[in-house]
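Please look over the sequence and the fold shown here before reading on.

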Amino acid sequence: IIQSFAINNYPKKDLRRKNEGIVQIIFKLKDDGNIEYIETGPDTTANKSLVKAAIDSVKKSAPFEKIKLLKKSNEFEINIIYKIN
């Protein structure tokens with residue numbers, strides 16, 4: 001869901017400039033599926049505007065479905081890949 005939202009909202013400025021990169025996102029969810037915190041990880045290679053777009057994509061994808069997994073593990077790590085084909 002997050003990757004799809006991020007790709008569909010690729011910043012126009014970065015598309016024109018052909019900016020690409022990977023944003024490693026680490027985020028924690030509350031039991032109700034809302035976001036507790038979001039941060040970028042050390043494997044991030046994207047510029048600041050792509051990082052901002054990735055973080056916004058996670059925020060706009062919330063709240064996430066409340067599932068039993070959130071009671072056991074609620075910290076997640078994903079890579080959002082911005083690549084122009």
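## Strand pairing and surface sites

Gln 24 stands opposite Asn 79 in strand 3. This is a predicted model, in which local features need pLDDT of at least 70 and side-chain atom pairs count only at pLDDT 80 or more, while totals for chains, interfaces and linings use all residues. Residues are numbered from 1 along each chain as its sequence is written, and side-chain values use heavy atoms, with hydrogens and water left out.

Strands (E, at least two residues) and helices (H or I, at least four) are DSSP runs numbered from the N terminus, and two strands pair if DSSP finds at least two bridges between them.

| Partner of strand 1 | Sense | Bridges |
|---|---|---|
| Strand 3 (residues 75-82) | antiparallel | eight bridges |
| Strand 2 (residues 35-40) | antiparallel | five bridges |

Lys 28 has Tyr 37 of strand 2 as its bridge partner. Strands 1 and 2 form a hairpin with five residues between them, and Gly 33 in the turn has a positive phi of about 95 degrees. Because seven of the nine residues of strand 1 (residues 21-29) are buried, this strand is largely enclosed by the rest of the structure; buried means under 20% relative accessible area, exposed over 50%, and partly exposed in between (1.4 Å probe, protein chains only).

Ile 1, in the segment before helix 1 (2-8), counts as exposed at 81% relative accessibility. The C-alpha atoms of Ile 1 and Ala 62 are separated by 9.9 Å, although these residues are 61 apart along the chain. Lys 13, found in helix 2 (residues 12-16), is partly exposed with a relative accessible area of 38%.
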